[in-house]
Amino acid sequence: MTSSEAPRNRKERRAQAKQDRAPTEIPLGRPKQETPKGKTLLEIAEERKLLQTSNIGSPSITTTRINPNGSITELQDPTDPSSTPYLDIFLYASSLILLHFTLTLLVHHQYATDPPALVPVFLASTVFSSAPWLILLLVAALHPRASHPLMQIVFAGMAIVAGAWLVKASNDDPYMAVMKKAPALGTLWVWGVVELRWEIAAACLAVTGAWGWWKG
């Protein structure tokens, strides 16, 4: 088959392609061992302090930003106790306020002679009560630091005291005192248990149960 003739089938086309790719056209040789004229990538990284390790862990895409010049800017960590998670605080406080209202409604339903009206009970436990504002202030001050060991001790003490006080009030106090104390104590008890680690929360519940059994 001459060079002027076009390959007629696949076999001839493959043979023609092998002839066109002559191995002698590719120069072979070792790369030149020359010293780079400019700065290496390692030197640039050291100048920009990109290789320094931090004690708090490796950088995260949610806490770091790469600038156009290649430098890295540390952003505020959303899990940092110094930051204020407003949405988390609002949701936590709203849940506790609704829990306080629910306990108020249940206490009225248990001790009142007539079935409680929903609107008056809701207004008495939210609008005309200082409990929601106190709950909001406590959540804003304590919830962002709940994982700290000192705050775990505080929440454990609050859970034990509130739980034991609620058990004592429900068994010994008159019904008017129970109607006033039970919603607040129940809310503090649930909040303290929820903020704790599960093993500490289980221990606090066991202590409260043992105290109630001991008191009969």
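Biologist: What does the secondary structure of the protein come to?
Modeller: The protein has eight helices and two strands, where helices (H or I, at least four residues) and strands (E, at least two) are DSSP runs numbered from the N terminus. This is a predicted model, in which local features need pLDDT of at least 70 and side-chain atom pairs count only at pLDDT 80 or more, while totals for chains, interfaces and linings use all residues. Residues are numbered from 1 along each chain as its sequence is written, and side-chain values use heavy atoms, with hydrogens and water left out.

Biologist: And in which order do the elements run?
Modeller: From the N terminus on, the order is α-α-β-β-α-α-α-α-α-α.

Biologist: OK, helix packing next: at what angle do H6 and H7 pack?
Modeller: H6 and helix H7 (residues 175-195) pack at an angle of about 150 degrees, with their axes 8 Å apart; the axes are lines fitted to C-alpha atoms, for helices over the stretch in contact, and angles run from 0 to 180 degrees between N-to-C directions. H6 and H7 are therefore roughly antiparallel to each other, a label for angles over 145 degrees, whereas those under 35 count as roughly parallel, 65 to 115 as roughly perpendicular and the rest as oblique.

Biologist: Which residues of H6 and H7 make the contact?
Modeller: With contact meaning heavy atoms within 4.5 Å, the residues include Phe155, Met158 and Trp165 of H6 and Leu185, Trp189 and Trp191 of H7. By class, this contact of H6 with H7 has 14 nonpolar, five polar and two charged residues, where Ala, Val, Leu, Ile, Met, Phe, Trp, Tyr, Cys and Pro count as nonpolar, Asp, Glu, Lys and Arg as charged, and the others, Gly among them, as polar.

Biologist: How far apart are the axes of H6 and H8?
Modeller: The axes of helix H6 (residues 149-172) and helix H8 (residues 198-215) are 9 Å apart, at an angle of about 25 degrees, which makes H6 roughly parallel to H8. Among the residues in that contact are Ile160 and Val167 of H6 and Val207 and Trp211 of H8, and the contact divides into nine nonpolar, four polar and one charged.

Biologist: Switching topic, is threonine 187 buried or exposed?
Modeller: Threonine 187, which lies in helix H7, has 4% relative accessibility and therefore counts as buried, given that buried means under 20% relative accessible area, exposed over 50% and partly exposed in between (1.4 Å probe, protein chains only).

Biologist: What is threonine 187 in contact with?
Modeller: Leaving aside neighbours within four places in sequence, threonine 187 is in contact with Leu96, Leu99, His100, Leu103 and Ile135.
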